[in-house]
Each structure stands twice: as C-alpha cells, then as structure tokens.
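Here is a short briefing to read alongside the model. Have the viewer open and follow the topics in turn.

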Protein chains: 2
Amino acid sequence: VNVVASRPGVPHRAARGRRIVFAPRFHGVESALQAPRSSSSSGHPLADDSVSAGLRRRAAEIDAAFAAIEPLLRRLSPRQFEDDFAARASAEIRAALGFDVPADHLTTTWSTPLDVKALYAHCVLATFCRLIERAFDRGLSASSDGENAEELIRRWGFHAIDITPCADGRLSGVVDYILRVPPAVVVSVKSHAGAMFDVEATLRQWEVVELERWRTSTPNAGTAPTRFLKIGVYHFSSVDPSHGGCAAHGSDANRAAGALLERLEQFEAAVKAIHGSEAATLLVGVDTDTDAIRVHVPDRAGRMAVARYIDNRDLFERTRNLPRETAKDEIRQVVADCAGVAADDAQTEGMRWLCGYLLKNNISQVAAVQAWHGGSYADGGHTERLIVVGDPVDAVQLRNLAFQAQMDTVEEAAGDLDIGIKILRELNVPRGLAIPILVHFQYDSRIPGARESVARRARRLKDAILARYASLAAQGVLHVHAVVRAGNESQLAAIESAEVFA
Amino acid sequence: VNVVASRPGVPHRAARGRRIVFAPRFHGVESALQAPRSSSSSGHPLADDSVSAGLRRRAAEIDAAFAAIEPLLRRLSPRQFEDDFAARASAEIRAALGFDVPADHLTTTWSTPLDVKALYAHCVLATFCRLIERAFDRGLSASSDGENAEELIRRWGFHAIDITPCADGRLSGVVDYILRVPPAVVVSVKSHAGAMFDVEATLRQWEVVELERWRTSTPNAGTAPTRFLKIGVYHFSSVDPSHGGCAAHGSDANRAAGALLERLEQFEAAVKAIHGSEAATLLVGVDTDTDAIRVHVPDRAGRMAVARYIDNRDLFERTRNLPRETAKDEIRQVVADCAGVAADDAQTEGMRWLCGYLLKNNISQVAAVQAWHGGSYADGGHTERLIVVGDPVDAVQLRNLAFQAQMDTVEEAAGDLDIGIKILRELNVPRGLAIPILVHFQYDSRIPGARESVARRARRLKDAILARYASLAAQGVLHVHAVVRAGNESQLAAIESAEVFA
C-alpha cells in the first residue's frame with residue numbers, strides 16, 4: 001500500500017486490498033484542521049470531546065476533499081487552450097484530488113472547449129467514491145463510558161438497530177455524529193424522503209436478522225428475549241420552522257413525526273401479527289440547525305406520541321452545569337417522567353436506558369456544534385454535494401454531504417428522486433454546475449452471478465434516471481455514475497469501463 | 001351465499017365471504033362438458049384418470065367462461081343503437097357472463113358508438129377475476145396412491161417447493177396439470193420470461209420459509225434434515241422445435257435449459273455460501289405440444305446436466321403396456337440410471353423418489369392430452385387470453401390462459417412485459433380486439449397499511465404500463481385493470497372505484 005506522507009490531523013488508511021493515493025494538499029481548509037479542543041473544552045459534563053475531536057478531524061478531511069475541487073477547476077479552466085493541457089491538467093488533478101480523470105474530459109479544441117460542468121460532476125463523484133474507499137475508522141463510538149457499546153445495547157435488550165432517516169442531506173451524519181451509535185449494531189440505514197420506509201421491506205430485514213439468530217446464534221440466540229429496534233428519524237428546523245424542515249412533509253414537524261410514527265406502529269404491528277413477536281420502535285426528531293434530537297420515549301405499553309418527547313436542547317441546558325453523575329441522574333429522571341413510569345420500573349428499563357444513551361450521545365454532538373459553529377450551523381439549509389441512489393452508503397458520514405434515497409427503480413421512488421433533483425438543481429445549476437448522481441449497489445460476492453445482477457440493476461437505474469430527466473441531461477447538467485461494491489468492502493467498481501475512479 | 005342452480009359437470013362454490021353469482025348458461029361448449037372417460041380410458045397403467053377428469057371439468061368451465069364472451073358481444077354489437085340498449089346489454093352480460101359492466105362501457109350515441117375493444121377487454125378481465133373468485137378446488141392432487149402427497153414429499157426430504165416457470169402462457173397449468181403437485185406444499189410460483197428468476201429474491205423466499213421452521217416448526221422443525229426444493233421449468237416444442245419454443249431463449253431448448261440450470265446452481269450455491277445450508281434444485285423441461293416433461297435427474301453430487309434427462313414421452317411409451325407395479329419399478333430404474341446410482345442408493349433416494357413422483361404425475365397429464373387432444377395440442381402456439389403482472393395468480397390454472405410475469409415495476413421487467421405484449425398484440429389486434437392486462441397484487445391483511453401500500457403499487461404499475469405503451473393505449477388497444485387481494489383469499493378489489501368487477 002502506497003500512501004503519501006501523512007500530516008497531523010489527516011490520518012491515512014488504505015482501503016482493503018486496494019492502492020489508494022491520498023491527496024497530499026488541500027486548499028483553503030487550514031482553519032478546519034486546527035487541533036481539536038481538549039476534552040473539557042465543550043463545557044458540558046457529559047460530552048465526550050475526544051470522540052467529537054475524532055469526528056471533527058474526519059469532517060475536516062471530507063470537507064477539504066470537496067473544497068479542493070472548485071479552486072483547482074477555476075485555475076485550470078482559463079488554461080484549457082494551452083499546449084499539452086490535458087496531460088498537465090490530468091497530473092494536477094491527480095496530485096491535488098487523488099484520482100484520474102478520463103482523457104476525454106480534458107481534451108479540448110478551439111471549437112469544443114472544456115465541458116467544465118461534466119468535469120466538475122466527475123470530480124465530485126470521484127471524490128465521494130475516493131472517500132468511500134478511504135474506509136474511515138467508524139469505531140469512534142464503539143464504547144460508551146468505557147464499556148463496549150454493542151454489548152451494552154444488547155444487554156439492555158436490543159440485538160439489532162435499523163435506522164431510517166429522511167433522505168435530506170442534513171441527516172447524512174445521523175449514525176456517527178447525531179446518534180453516535182456503533183455501526184456494529186446497526187444492521188440497516190436506509191433513507192427515504194420523509195423517512196417513509198416500506199413496512200414490508202423492513203419486515204424482510206427483521207426476518208433476515210431473526211433467521212441469523214435462530215440458525216447461528218448471531219449476535220445472540222433466537223430464544224434470547226432481546227428485540228430488533230427500528231428507529232425512524234424525522235427532522236425540523238428550530239431557526240426557520242416553516243421553511244427549513246422536511247420538504248416531504250411541507251416543513252411541518254408534527255406532520256413529519258405523525259406520518260413516521262404511523263409507519264413505526266405499522267411495522268411493530270406487522271411483526272406481532274405475522275410472527276407473534278415483539279419488535280421495538282423509536283421515533284426521533286432532529287433539529288437540523290443544532291443537531292439536537294427529540295426522543296419520543298415510549299410509555300409503559302410501548303406507545304409513543306407526537307407531542308410527548310424530550311427535547312435535547314432543553315436537557316442540554318438543564319444538565320450543563322451539573323456534576324457528571326448528577327447530570328446522568330437527571331437524564332434518567334427526565335426519561336422516566338416522559339415515559340410516565342417510576343425510575344425503577346423494570347418493564348421499561350431497557351428502552352429507557354436506550355433513550356438516555358441516545359440523549360447522552362447527542363449531548364456530545366450538540367456541544368460540538370456549539371463549539372464549532374457557535375450554537376447552530378451557519379448553513380441551515382441545503383448544501384448537499386451529490387445525490388446517492390440505490391443501496392445506502394453510510395461509510396462516509398457528514399451533515400449535508402449527500403441527498404440519499406434508497407431505491408431499485410426510479411419507478412418506485414420517483415417522488416424521492418424528484419425532491420433530490422430539485423434541491424441539487426437549485427444549488428448547482430444557477431452556479432453553472434451540474435448535478436452529480438451516484439448510483440450505488442452492493443452485492444454479496446459469495447453469491448455466484450450476484451455482481452452481474454447488480455451491475456444490470458445499476459445500469460438500468462442509471463438509464464431510468466437519464467430518461468426521466470432527459471431535458472436536464474440534454475442540457476449537460478445531469479451526470480450519473482454507476483458503481484457496484486462487494487459486500488461491505490470499500491472498493492468500488494465503476495460500471496462503465498470508460499470511467500474508472502481509480 | 002346465493003348461487004344459481006348448478007348443472008352436472010359445472011360445480012359451484014362460493015368464494016370466501018363474498019356473494020358470487022355464477023353464469024348459468026354457456027355457449028358452444030357442450031362438447032367440452034361431456035362426461036369424463038372412465039378411469040381406464042387413458043390406457044396407461046399409471047395414469048390417475050379420476051384426477052384428470054376433475055381437471056378436465058375445471059378446464060371446460062374456464063374455457064366455457066371465456067368462450068361465452070365473443071358470441072355475446074357479436075350479438076350485442078349490431079343492436080347498440082336500439083332503445084334502452086345499455087340496460088338490456090347490461091342484463092344480458094350479467095346473465096351470460098356473471099358480472100356487471102360499467103354503464104359507460106355500454107352507453108352509445110350516434111356519434112359515439114360502442115367501444116367494443118374496451119368492452120371485450122373488460123369482459124376478459126372480469127371473467128378472469130370471476131374465475132379467481134370462483135376459488136376452484138385445488139386439492140385434486142392432494143393424495144398420491146392414497147397417501148397425503150404433502151406428507152409424502154416431506155417424508156422424502158422436502159419441506160417446501162418453489163416453482164419458477166417461464167412466463168409463457170403454455171405453462172399456465174404447470175402446477176395442477178403438468179406437475180400435479182399439491183398446492184399445500186408449494187410456497188411460491190413466480191413466472192419470469194425464460195424462467196430467469198432472481199437469485200436474491202429466491203434466497204429471501206428460502207429465508208422466510210426457514211424462519212417459519214425455526215420459530216414455529218411449520219411445516220417441520222428447523223433442525224429437521226429436509227430441504228427447500230426449487231424447481232425451474234423451461235419449455236420447448238416437439239412439433240416445431242425452432243419456432244414453438246421459448247421466445248426468451250430464441251426457441252432453443254438447450255439454451256433455455258442451460259440458462260435456467262445456471263440460475264439454479266447459483267441459488268444452491270448462494271444458500272450454501274450465505275447460510276451454510278443445502279437447498280435442493282431440479283431442472284424440468286416441458287414439451288408444450290404434449291405436456292410431457294423432461295426431468296434432469298441430479299447425480300450423486302446433486303449435479304444436473306442439460307444433456308442428461310428423462311424424457312417422459314419415452315417413459316410413457318415404455319411403461320404403457322406394463323402391469324402397474326412393473327411400470328413403477330421401471331420408472332425407479334430409469335431414474336436411478338439417469339442419476340448414475342444403484343436403485344438402492346440411500347444418499348439420493350429422496351430426490352430420486354421426487355423425480356419418479358413427478359414423472360408418474362406427468363404420465364397422467366400426457367395420457368389426458370392424448371385422450372382429449374389426440375396426442376398433442378391442436379393449438380401448439382399462443383392463445384393466451386390476457387397478461388397478468390404483479391404478484392402471481394395460480395388459483396386459475398390452465399394451459400394458454402395467461403402470459404404471466406411477476407414484477408413490481410415495469411422498469412425492472414420491461415423485457416418480460418414486451419414479450420407478453422408482443423404475443424397478445426399478434427393474437428388480438430389483427431382481430432380488432434384489445435390486449436387485456438391484469439395488474440394484481442396481494443397483501444397481508446394482518447399488516448396495518450398493507451392494503452394502501454399495494455394499492456399504490458398497483459396504481460403505479462398500471463400507470464407505468466400505460467406510459468411505456470402509450471401509443472397502443474392511445475389506439476385503444478391496451479386495457480389495464482388493477483386489482484388487489486388480501487392474502488390467499490379469492491376476493492379481489494378493483495383499485496379504481498369506477499370499475500368494480502362484482
């Protein structure tokens with residue numbers, strides 16, 4: 001594995017089995033790479049500032065990778081008619097961004113100038129792919145107060161967590177940043193516009209996890225009384241409630257929460273009706289301005305309500321000046337109050353612990369946003385860099401990175417895709433830039449023929465996107481790249497031989 | 001339940017929880033309703049002529065139901081400008097065909113004559129729906145030589161059978177007529193053009209069955225050493241090999257068998273690789289002129305070959321003049337020879353029994369086709385009456401009834417649908433008739449919201465079909481109806497309130 005010399009704050013790790021040359025130079029991101037504050041810097045007794053520091057370094061690396069694209073292309077564009085431009089530009093892109101660009105993206109004549117729109121979209125997509133292949137260490141939240149978080153979660157009654165956030169890019173960091181749940185316990189993170197997941201598909205997910213428990217006792221025996229936990233994540237804006245919320249629900253937090261709660265109840269009822277088994281569900285809201293969550297704590301009967309929740313901004317303030325142990329007791333009490341049970345109620349203790357765990361984790365994120373952004377994000381709205389469709393990508397977590405909607409076909413999810421196209425169009429097209437779309441499918445390399453099968457699916461979805469938005473594509477403002485990927489490996493394979501992101 | 005007076009040979013049975021008025025009169029089908037021959041009539045010692053007689057009665061009822069449409073519309077058409085036509089026609093259709101037709105299909109003015117194309121398509125679709133709701137007794141092959149066939153199959157090592165036939169209508173009767181397997185043991189019959197099933201989807205089916213075994217010991221315990229059996233069914237034509245075979249494989253029986261064998265091997269390998277478990281697979285070919293099967297008997301290692309099979313036409317001839325027990329011994333020996341093992345080989349005995357069971361069942365069908373059609377079908381080609389898409393309909397089994405392709409979206413299965421449209425177009429459009437398409441989805445009524453979810457899916461698929469074939473739709477030669485159905489109930493609900501098939 002060849003990596004260039006590393007520098008403080010920008011760790012390098014090679015993706016499994018693949019040579020990765022990491023960009024040695026970034027531009028305009030020095031401030032983001034400042035050394036993180038010490039662990040007491042956030043000023044909240046429950047904030048884990050060392051995890052936040054690790055997350056911040058990762059965020060800075062991701063931001064820097066994308067931020068390097070525009071200045072470089074700005075410099076290259078005026079030189080496009082110079083002699084030997086293609087070769088020089090190619091070398092500069094490789095040196096600065098860490099990937100190759102196909103020659104036809106860089107070759108110009110007096111009558112066919114550089115297609116900067118295409119080149120920009122290519123660079124965004126290639127950067128995102130490179131970051132996936134970079135295989136960030138996602139184990140930052142693997143422990144909680146010194147204990148293995150996955151084991152802790154299981155001990156409190158949950159053997160798997162399935163998360164459905166909204167497709168909105170402001171939830172792109174929901175697992176690692178906002179909830180800080182260890183990926184080892186997360187069996188699925190599938191995004192849909194408005195978090196409107198399909199009940200039947202989630203039931204299939206439940207069945208796959210359950211079968212594994214029965215057949216191989218992984219992660220525990222089928223007879224163990226733990227539950228599969230489905231977390232639905234909606235979002236809203238505290239700064240601009242009536243415009244900055246969820247587009248799929250008319251920026252109405254109650255509507256978003258109500259619709260998602262109904263799906264969660266349907267899923268729970270489905271598991272009960274079909275399998276006579278109990279699944280757990282949890283409704284969580286995210287204030288996309290502060291990353292503070294709302295946890296709709298289930299009551300004694302497991303029921304949640306749109307209007308009954310703990311707002312972590314309040315809890316943050318209530319606990320910020322308490323001693324650490326007192327602050328933890330305060331969370332326990334607030335959760336019990338919200339559930340409407342005594343703090344020592346045995347029946348609800350597992351779910352109450354989990355709610356407290358998420359609230360405590362999120363306090364670290366709220367503290368981090370306060371420390372880094374002075375309370376709330378300056379960019380409250382959308383600044384997504386691309387659209388991701390197909391199977392989920394959660395290897396690269398960061399707020400506003402990608403609008404992501406899971407689908408096999410445009411036909412089934414045209415509404416989701418339309419929202420994403422609208423967002424990216426408004427962001428990019430007025431600036432003369434194209435909309436980059438990544439079609440991404442995973443396959444199980446143990447299944448013969450699986451690669452060919454998902455490659456066909458990827459090509460089909462790409463074609464369907466180009467057909468639906470034929471007019472944008474004709475204007476050159478829509479760029480779709482398709483990649484496939486074996487299992488959980490980080491290495492990607494481009495579906496068209498012409499464009500390999502190396 | 002109100003049913004009109006029944007007549008010999010046309011039994012009436014009401015669908016669950018629904019009032020069904022069955023058509024009292026048929027036209028031009030008297031010959032088909034002749035009393036079945038006695039049980040010795042077929043002349044083959046292994047043929048179960050009483051099952052065949054039951055199947056023939058059912059076939060006659062289905063044929064008669066469709067055959068009644070055209071003569072009635074021929075009589076109605078010239079009368080369309082008579083006074084009170086809509087009311088009279090409606091009454092006559094109800095009396096003759098057993099369903100109501102929406103008033104707007106029957107109202108005419110001098111400038112807007114009867115849309116006979118639409119009326120015809122409506123009648124075909126409504127007839128098919130009425131036959132589904134008729135809920136035929138599918139238990140004709142529930143026993144084999146006096147024993148419960150489902151238990152027998154399980155005792156020989158198979159707890160579930162999953163069948164994938166080609167979408168070709170000539171395989172519409174594959175379960176009840178050609179293979180004569182009891183539906184109780186058949187967990188899935190999904191049709192695809194060229195029988196090209198999706199390995200991943202079949203793996204999901206395997207997992208659902210497996211989970212049920214582990215959790216509830218249904219139909220037996222997860223630890224019981226029985227297997228899930230996937231049967232892939234391709235087809236060919238003995239009368240016109242190079243034109244009458246499978247369109248998806250260029251009417252090349254070897255290509256069809258080879259492609260399907262590869263999928264079966266992939267599925268078996270996937271179960272092994274992902275779950276460390278053994279699934280059974282069986283490749284079967286059907287001669288659509290005689291309904292005789294080819295069984296590609298697995299060898300000692302479970303391997304099959306395109307070129308190694310038992311042709312049941314040969315076996316039929318070899319055994320037709322033998323005493324019954326000698327004929328059974330002959331089948332056992334032929335199967336063992338094809339497997340390349342001794343007749344008492346313990347390791348392969350379950351699969352060998354199953355192959356013998358299918359061959360013996362199919363001898364009854366070959367005998368029936370000989371008895372009814374003088375050896376081979378007069379209509380060797382396509383005479384499908386409609387296209388069925390969405391979830392499978394196997395309640396109404398009959399050769400050449402429907403071109404059926406399972407899909408959730410046109411996008412994923414456009415190729416399959418194109419083949420079906422081509423077939424029905426060539427059959428119907430030159431005769432001035434439209435192409436009837438039924439969009440059919442099932443839901444589990446125990447899952448809250450499931451009905452709304454599949455209704456959306458049905459509407460979406462209908463719209464996508466109309467969009468893909470917009471020009472045919474504009475010519476009035478494409479009629480798509482969408483219905484949904486709870487679980488395995490026979491009652492259908494039309495998705496558009498305007499058109500209820502009652």
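**Asparagine in a loop**

A:Asn400 is buried, at 3% relative accessible area (buried means under 20%, exposed over 50% and partly exposed in between, with a 1.4 Å probe and protein chains only). This is a predicted model, in which local features need pLDDT of at least 70, side-chain atom pairs count only at pLDDT 80 or more, and totals for chains, interfaces and linings use all residues. Residues are numbered from 1 along each chain as its sequence is written, chains are lettered from A and ligands numbered from 1 in the order written, and side-chain values use heavy atoms, without hydrogens and water.

*Backbone*
- A:Asn400 is not a glycine, yet its phi is positive, near 60°.
- A:Asn400 sits in the loop between β9 (386-390) and β10 (402-406) of chain A (strands are DSSP runs of E, at least two residues, and helices runs of H or I, at least four, numbered from the N terminus).
- In chain B, B:Asn400 has a positive phi of about 65°, and B:Asn400 is buried with a relative accessible area of 3%.
- The peptide bond from A:Thr218 to A:Pro219 is cis, with omega near -5°.
- A:Pro219 belongs to the loop between α7 (199-216) and β5 (227-236) of chain A.

*Symmetry*
- Chain B superposes on chain A by a rotation of 180° with 0.0 Å of shift along the axis and RMSD 0.0 Å (least squares on C-alpha atoms of residues with pLDDT of at least 70 in both copies).
- That relation is a two-fold axis.
- The C-alpha of B:Leu211 is the nearest to the axis in chain B, 2.6 Å from it.
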